[in-house]
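Open the model in a viewer with residue selection and a cartoon display. The stops below can be taken in order.

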Amino acid sequence: MPVPADAPVFLLGTGCQKGGTAWLHGYLSSSAETDLGFMKEYHVWDRLDLAEDRPGLKRMVKRGREALDALAEGGRGGDVRALRQAAFMLEPESYFDYFASLVGPGRARLTGDLTPAYGGLGERRLAFVRDGVEARGLQMRVLMSLRDPVERIWSAVRMMQMRQPSRYPGGSADWVRKLYADEQVESRTRYDRTLAAARAVLPDDRVHVVLYETLFEPASLEALTAGLGLAPIEPDTETRPNETPRTAETLPDELVAQVAQHYRDVYDHVDRDFPHLDVRRRWASARFL
């Protein structure tokens, strides 16, 4: 039975990493019509499906064990959220039940899970999530923020260097050159694959795409909230959580061109299917294509 068009919304965020998703989470959460639950990134489906996210699964299991150990010793410390994440993975139906409990009459209109790593999920997993959501009378929608691929990778590299300086010493340009074609970096930058998978399991009008470069402009935000069926939300454009600071270093043109050429399919796909985003003008690296 089709889900009514006015049914509550479950919003699955599929990235991109370093595309303003933390800001988007805060922006949407500030609406009285929204309840995104107890955390921003639930990391359920990526840690079940994607090999590159298995280390995160191990860390979550470790935190869950520590919480159980604390409980066994009569305490109540530990990361209880890790236990809830583990429960979602062990019994996926509980994931859908949880989000369904947040919406409905007298509650929120929109809920969701904005985990950038979901950009690597395939069509089969997205269809599984859709079916679980719709079985509870919710309509599933996908939200993806797109950023100039070269800028996204460069920002991610600087974040890695900031968090693990001993592992990633030296200049950021050297690491961009080493990592831009890495499998994990690719999975977070191949927007064309993510969008194709989403549009294979959902109607086009339930796949919402915003551009990081214009994200904080009123027109962009008004279009997003209207598309999601929400009343306008007053944005806080002064706060940018998780923004990676820029340094004095720049990327040489030959490297920018090399990375852009590698991801040419991404530029072509977005330009063809979402011409209103005007990425050939908005993405500075597109000048090399």
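The tour goes from the sheet to the helices and then to the cores.

This is a predicted model, in which local features need pLDDT of at least 70 and side-chain atom pairs count only at pLDDT 80 or more, while totals for chains, interfaces and linings use all residues. Residues are numbered from 1 along each chain as its sequence is written, and side-chain values use heavy atoms, with hydrogens and water left out.

**The sheet**

Start with the strands; helices (H or I, at least four residues) and strands (E, at least two) are DSSP runs, numbered from the N terminus. Four strands form an open sheet in the order 2-1-3-4, with parallel pairing (two strands pair if DSSP finds at least two bridges between them). Strand 2 and strand 4 stand at the edges with a single partner strand each, so one side of each has no neighbour in the sheet. From one strand to the next, the twist averages 20°; axes are lines fitted to C-alpha atoms, for helices over the stretch in contact, and angles run from 0 to 180 degrees between N-to-C directions.

Select Phe 10. Which residues stand opposite Phe 10 in strand 2 and in strand 3? In strand 2 it is Thr 111, and in strand 3 it is Met 140. Strand 1 (residues 9-13) pairs with strand 2 in the parallel sense over five bridges, and five bridges also join strand 1 to strand 3, again running parallel.

Now select strand 2, residues 110-114. Five of its five residues are buried, where buried means under 20% relative accessible area, exposed over 50%, and partly exposed in between (1.4 Å probe, protein chains only). Leu 110, Gly 112 and Leu 114 point one way from strand 2, and Thr 111 and Asp 113 the other way.

Five of the five residues of strand 4 are buried, so it is largely enclosed by the rest of the structure. Val 207, Val 209 and Leu 211 lie on one side, His 208 and Val 210 on the other. Strand 3 and strand 4 run parallel and are joined by five bridges; Val 207 is the bridge partner of Val 142.

Select Thr 14, in the loop between strand 1 and helix 1. Is Thr 14 buried or exposed? With 2% relative accessibility, Thr 14 counts as buried. Not counting residues up to four places away in sequence, Thr 14 touches several residues, including Thr 115, Tyr 118, Val 142 and Thr 194 (contact means heavy atoms within 4.5 Å).

**Helix 10 and helix 13**

Helix 10 lies across strand 3 and strand 4, running at about 165° to strand 3. Show helix 10 (residues 191-201) together with helix 13 (residues 264-273): their axes come within 8 Å and cross at roughly 45°. That makes helix 10 oblique to helix 13; angles under 35 degrees count as roughly parallel, over 145 as roughly antiparallel, 65 to 115 as roughly perpendicular and the rest as oblique. At this crossing, Tyr 191, Asp 192, Leu 195 and Arg 199 in helix 10 meet Asp 265, Val 266, His 269 and Asp 273 in helix 13.

**Helix 11**

Select helix 11 (residues 218-227), where Ser 220, Leu 221, Leu 224 and Thr 225 are buried. They cover an arc of only 125° around the axis, which puts them on the same side of helix 11; the arc is that of the directions from the helix axis to the C-beta atoms. The face turned away carries exposed residues, among them Pro 218, Glu 222 and Ala 226. Just after helix 11, Gly 229 takes a positive phi of about 75°.

**The cores and Trp 283**

Of the 65 residues in the largest nonpolar core, Phe 10, Tyr 42, Tyr 95, Leu 146 and Trp 283 touch the most other members. A nonpolar core is a set of buried Ala, Val, Leu, Ile, Met, Phe, Trp, Tyr and Cys residues joined through side-chain atoms within 4.5 Å. A second, separate core of 19 residues includes Leu 36, Leu 110, Leu 221 and Ile 233.

Finish on Trp 283, in the segment after helix 14 (279-282). At 0% relative accessibility, Trp 283 counts as buried. Leaving aside neighbours within four places in sequence, its contacts include Leu 146, Pro 149, Tyr 191, Leu 211 and Tyr 267. Glu 213 is 70 residues from Trp 283 along the chain, and their C-alpha atoms are separated by 7.8 Å.
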